[in-house]
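Visitor: Could you walk me through the model shown here?
Guide: Gladly, let us take a look together.

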Amino acid sequence: MRRLPAPPAAPPETGELAGLRSEAGLRHAYASHGAALYRYALRCLHDTAAAEDAVAETFVHAWRAAERYDPHQTGLRMWLLAITRHVVIDAVRRGVGPLADPSETVERQWAMGEALRRLPAAQRAAVVETFLRGRPAAEVATEQQVSIGAVREHLFYALRSLNVLLRELGVEP
Amino acid sequence: MSSTDAHRVLRERLGAYVLGQLDPDSEARISHHVAGCDACQAEVTALAPVVPLLAAVHPDELDETLQPPDTLPGVIRRRIAAEQRRAQWVWLLRALAAAAVVVLAFSLGYAVRSPAAAPPPAPQPTPSASPTPSPKAPKASPTPARPSGEPLTVQINDPAVTAKVRVIGHRWGAELRLEGAGFQSGAVYLVRVYVQNGSWITAGSFVGAGSGKVRCVLTTGVRRSAAVSFTVLGPGEVTVLSGQM
């Protein structure tokens, strides 16, 4: 793969510096965002092979269009997600994945899933166990060997973090 | 407890409050506090819209181990390498075309500028001047056909499917050419090539077209000499056809 010389003193994360034309840059972009894009594609297409294909196509498109990426307009994750969205829509038009649904609802659910993954473990456990699974806070507190106050504290900071993370993922709560 | 600490404790219950997890007494106490506290009101306003989004999540869908397969970066690398090869060919063809235009323009310019220097017209050959028939211009040799590859013996497990598979060895790896019909319309078929140590690599995928013909070129990063066999997996990862390489 062609290697470009490192551009001197360029603003961070420009198309070239983000290195989408270089193997190392692509590897870094994949390590940072590949799994999240895969889960998005899988959520839309309901088929692992089709989701893998969509992610591969995303990075090929990104490599091809690296010069057009402007970090001042959007973050790399959102830029890659926009490509994946188009790839998924194309796949839907080709009839890949009978349950395909790249709708806003799916995207919001995906974003919430990704945001939950990024919470510290204790905060995530507090939200998942008490709210999503409906277990009493006292039971969760005993299990985690903390006070009920600590579980509530985790809930508060978890919701604040989710609010920020969702915006980072392009979803306005 | 100082009033600052008391406020902090109340504020840190706002998460449980907007999630509706407090008992009625605590909820009433927090509601009363929020009504008179601008900072906590702002917190509630910011946190509340997260709740309906969160409520739509199914906890069992939060599979933290859900990751793409380890082979995916290799697939991306191979596709980009193929793009690069194509781009190099396009560049070469454009350069040749540009060179041809330059040569043509130069020749025309020369001819226009120097009419006197143009050589006199060559005498037309007469039948007597050329008693022997002029040799026929050699026919343009047809463009050499791309290597058609080596046909592989295919074992077909699906009676609806007919298929022929050929393999071509390149320096960069083996290329499979699959031609067939009867692949379930709209279904995705995955092609794997197995190598000598028993591992496999994905050569690509295609979508079935029912009774319509499917012709596809599948490339691998495995040399022809290292490839042992291939399989085509249909819906449910069922082997539809396979063969030794």
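Visitor: What covers the buried residues of α5(A)?
Guide: This is a predicted model, so local features need pLDDT of at least 70 and side-chain atom pairs 80 or more, while totals for chains, interfaces and linings use all residues. Residues are numbered from 1 along each chain as written, chains are lettered from A and ligands numbered from 1 in written order, and side-chain values use heavy atoms, without hydrogens and water. Helices are DSSP runs of H or I with at least four residues, numbered from the N terminus. The cover of the buried residues of α5(A) includes α4 (104-117), α6 (137-144) and α7 (148-168) of chain A, together with α5 (50-55) of chain B.

Visitor: Is A:Thr130 buried or exposed?
Guide: A:Thr130 lies in helix α5 of chain A. Buried means under 20% relative accessible area and exposed over 50%, with partly exposed in between (1.4 Å probe, protein chains only). At 5% relative accessibility, A:Thr130 counts as buried.

Visitor: Which side chain makes a polar contact with the side chain of A:Thr130?
Guide: A polar contact is a pair of N or O atoms within 3.5 Å; within protein, one must be able to donate a hydrogen and the other to accept it, and residues adjacent in sequence count only if both atoms are side-chain atoms. The A:Thr130 side chain reaches the backbone oxygen of A:Ala126 at 2.6 Å. Its side-chain partner, at 3.0 Å, is B:Gln21.

Visitor: Which residue with positive phi follows α5(A)?
Guide: The phi in question is near 70 degrees. The residue is A:Gly134.

Key:
Contact = heavy atoms within 4.5 Å. Helix = DSSP H or I, 4+ residues; strand = E, 2+ residues; numbered from the N terminus.
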